[in-house]
Amino acid sequence: MKRKILYLLPLAAMTLVACETPSSSSSMKDSSMSDSSSSISVDPNFVPPLLTPSGAPTLALFDMGDEENWDSTTKTATIPAAFQTPGYDAIIFDGVNGLNNLKKNQNDDFFLARWLTGGNFHLVSLTEEEFNASSPVTIFSFSENGLPDLVFKHLLETWDVDTSLLNIEYGSGVQDVATALQSQANYDYFFIAEPVLTASKNALNGKAEVHEIFDLRKEWEKETGQVALPQAALFLRKSAYNANSASFETFLDHIDANLEASIHDVAKVQEEMNAYSSVASEQQGRWGFNANIIGLCQANEENRIGMIEPGSIEDNADFVNTFGEVLYGEDFVPYDASFFL
């Protein structure tokens, strides 16, 4: 398969947990804005010029390996620039950071259309079978003060854990945690994400047992009743959508069907990925993971990648605003309805 590296103008780092190993593909396509009009007939295979990070959110695109309108990049911090320039009519990005980007730049030409992933984070240990902070413990984690880290700390406070007994060390990304876990580094606990966790278990190959202490998404649901965390989201360019809404709705129906299949029909997902290429490294280069890892993560409808089932979130704005109110309290400023489809 041919690969073309995608370059975008650099911005200050903003983190999306894509959970993949470095790879990027494709080059920027021309925006559909130039030839969109309300009179365009509906194309059942329509895909707008689309930019995504490589990794977990691309599971929603499992059957689009050969799609020429889809560009992916491992340089996640460059994605916010695409919201401010012509070129892409659809962008997958960290939902909260994407909304903050729109608010900060007073950008009214994008809105959030779908939440895609809702939490694939786990606390694990090589030595402990449950979480015990009655004495000093060490935790190796990633993305200090990123959303998953803040949720983890919020839950610890809810559980009345004495955080003074916690020594949390942070790597630069989830791959650092994977490296430490696979090398059996001397930490009591590891805070890590899928599918990197499953890949790490495979790499250990029985040399050590990985004890799963808890699933962050499940613990958040127990405490708040919310079925997911606001993780990756799909944003659409309003002007392009308004000019060709029927085709965009067909695209969204396709995304919804893929989300359903990613949870309930992993065999179909693997079949489509293998149809693109039977070579694991080429699958890795396109999606940020391979079909074998997805088979393990999504087996038996366990949904360890954390895809959000269509219909499980009734109101996209209410979902993230409720989340913000719980996590940030009175300091949280709700997102206006204009930021949502």
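Leaving out residues up to four places away in sequence, Leu116 touches Pro57, Ala60, Ile92, Ala232, Ala233, Leu234, Ile255, Leu259, Gly306, Met307 and Ile308. The model is a predicted one.

**Leu116**
- Leu116 sits in the loop that links β4 (110–115) and β5 (121–125).
- Because its relative accessibility is 1%, against a cut-off of under 20%, Leu116 counts as buried.

**Ser262**
- Ser262 is part of helix α7, which spans residues 245–264.
- With a relative accessibility of 1%, Ser262 is also classed as buried.
- Apart from neighbours within four places in sequence, the contacts of Ser262 are Leu59, Phe62, Val269, Gln298 and Met307.

**Helix α10**
- Helix α10 covers residues 291–298, and six of its eight residues are buried, so the helix is largely enclosed by the rest of the structure.
- The buried residues are Ala291, Ile293, Ile294, Gly295, Cys297 and Gln298; Gln298 is one of the contacts of Ser262.
- The cover over these buried residues includes α4 (196–204), α7 (245–264), α8 (266–276) and α9 (280–287).
- At the start of α10, a side-chain oxygen of Asn290 comes to within 3.0 Å of the backbone nitrogen of Asn292.
- Just after α10, Asn300 adopts a positive phi of about 55°.

**Open sheet and packed helices**
- An open sheet is formed by five strands in the order β7-β6-β8-β5-β9, with mixed pairing.
- Its edge strands, β7 (166–171) and β9 (211–215), each pair on one side only.
- From one strand to the next, the twist averages 25°.
- Strand β6 (residues 137–142) pairs with β7 in the parallel sense, over six bridges.
- Within this pairing, the bridge partner of Phe140 in β7 is Glu169.
- Helix α2 (residues 147–158) packs on the sheet and touches β5, β6, β7, β8 (189–193) and β9; its direction makes about 170° with that of β7.
- Helix α3 (residues 174–182) likewise packs on the sheet, touching β5, β6, β7 and β8, and its direction makes about 135° with that of β8.

Conventions
Residues are numbered from 1 along each chain as its sequence is written. This is a predicted model: local features need pLDDT of at least 70, side-chain atom pairs count only at pLDDT 80 or more; totals for chains, interfaces and linings use all residues. Side-chain values use heavy atoms; hydrogens and water are left out. Buried means under 20% relative accessible area, exposed over 50%, partly exposed in between (1.4 Å probe, protein chains only). Helices (H or I, at least four residues) and strands (E, at least two) are DSSP runs, numbered from the N terminus. Contact means heavy atoms within 4.5 Å. A polar contact is a pair of N or O atoms within 3.5 Å; within protein, one must be able to donate a hydrogen and the other to accept it, and residues adjacent in sequence count only if both atoms are side-chain atoms. Two strands pair if DSSP finds at least two bridges between them. Axes are lines fitted to C-alpha atoms, for helices over the stretch in contact, and angles run from 0 to 180 degrees between N-to-C directions.
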